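Hi everyone, thanks for making time this morning. Let me put the model up on the screen, and then we can walk through it together.

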Amino acid sequence: MASVTPLGEFLWSRRRTARPPADHASPGTRRRVPGLRREEVAARAGVSVDYYVRLEQGREANPSARVVAGLSEALGLDGEEAAYLWLLTSPKATPGGSHPSASGVRGLTELVEHQLTDPAILLDASGTVRAGNGGARLLYGADVVGKNVLLDVFLSDESRFFYLDWEEAARCSVGVLRTATVLFPEQREVRDIVADLAARSPEFRDIWNQYPVLRKSSGRKLLHHGELGRLDLAYEALESSAAPGLQAVVYRPWTPPAAPSSEGTLL
């Protein structure tokens, strides 16, 4: 990989995993490279091959909104990946240029520690727990405050049993951390966690090189707790514009989506 820019690396990674056009493949022939060729991406996105090469090699970093939309469609990006591409090409639109205000930190800490009755933790952009309530200490342990949940996933033997789908938990953790490096490039703590994990975990390095991206908002966790047994939890991440990089993550019992009602339908 020749590019030295996050944009170029991301385009390269997604081009290599994109589905090649079936109508261009001759029976019995094999493509020499996986995914799409540069000229195929350029044609799909409506740009010249030379311009796409400049993007991928890091010699161009400010594509227009039309080009970004075309690249998303050409590479078959999902919602998270498309949003990440917009972040890479519009850094001034991200909240990473500002640090949490003291009042913003106090507000989210108060919310987590004293107002939320469900288990809740306050995470910073590096994955370190800044605050937690009683439910969080029951869920993650009495020493949850100060713990880095991303380090825990990869470096703690207990995490292999705690997360029923450890591979998915690991991939999501890398995706969140990858996105944090773009949202908050000036935060040394984020860079330090990436460097620490890259040095200590081959599994982290392998997943990091696959380039997953994720912005934590809501989802589901399947856990095996030593005292509480199997837990099926939904989580939601709450943010404040006064505290960029901090998220109050709240856990509740998972409730399956309600089945569509047939009431009022015509047969």
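Let's begin at one pairing in the sheet: Gly-219 has Tyr-235 in β4 as its bridge partner. Strands here are DSSP E runs of at least two residues, helices are H or I runs of at least four, and both are numbered from the N terminus. Two strands count as paired if DSSP finds at least two bridges between them. Strand β3 (residues 218–225) and strand β4 (residues 229–238) run antiparallel and are joined by 8 bridges. They make a hairpin, with 3 residues between them. On to the next pairing: β4 and β5 also run antiparallel, with 6 bridges joining them. There you can find Ala-237 opposite Val-249 in β5.

A quick word on what you are looking at. This is a predicted model, where local features need pLDDT of at least 70 and side-chain atom pairs count only at pLDDT 80 or more, while totals for chains, interfaces and linings use all residues. Residues are numbered from 1 along each chain as its sequence is written, and side-chain values use heavy atoms, with hydrogens and water left out.

Now the overall picture. The protein has 12 helices and 5 strands. Of its 267 residues, 43% are buried; buried means under 20% relative accessible area, exposed means over 50%, and partly exposed is in between, with a 1.4 Å probe and protein chains only. The exposed surface comes to about 14,800 Å², and carbon and sulfur atoms supply 53% of that. Those areas come from the Shrake-Rupley method with a 1.4 Å probe, and for residues only the protein chains shown count as cover. As for contacts (heavy atoms within 4.5 Å), take those with a separation of 6 or more: 51% of them are between residues 24 or more positions apart.

What about the inside? The largest one has 63 residues, and Leu-71, Ile-121, Phe-154 and Leu-177 have the most contacts inside it. Helix α10 (residues 166–183) gives the most to this core, namely 8 residues. If you zoom in on Leu-71 and set aside neighbours within four places in sequence, its contacts are Leu-11, Val-41, Ala-45, Tyr-52, Leu-55 and Leu-85. Apart from that core lies another, of 10 residues, including Leu-116, Ala-243, Leu-246 and Val-250.

Last topic: charges. How many salt bridges does the structure hold? There are 15, counting a side-chain nitrogen of Lys or Arg within 4 Å of a carboxyl oxygen of Asp or Glu. In one of them, Glu-56 meets Arg-15, with the closest N and O atoms 2.8 Å apart. Glu-56 sits in helix α3 (residues 49–56) and Arg-15 in helix α1 (residues 6–17), so this pair links parts of the chain 41 residues apart. Both partners are buried.

Then there is Arg-252 with Asp-118, at 3.0 Å between the closest N and O atoms. Arg-252 is in strand β5 (residues 247–253) and Asp-118 in the loop between α6 (102–115) and β1 (120–123), so the pair ties together parts 134 residues apart in sequence. Arg-252 is partly exposed at 36% relative accessible area, and Asp-118 is partly exposed too, at 24%.

Finally, Arg-130 and Asp-124 form a salt bridge at 3.8 Å, N to O. Here Arg-130 is partly exposed, at 43%, whereas Asp-124 is buried, at 16%.

Definitions and conventions:
Core = buried A, V, L, I, M, F, W, Y, C linked by side-chain atoms within 4.5 Å.
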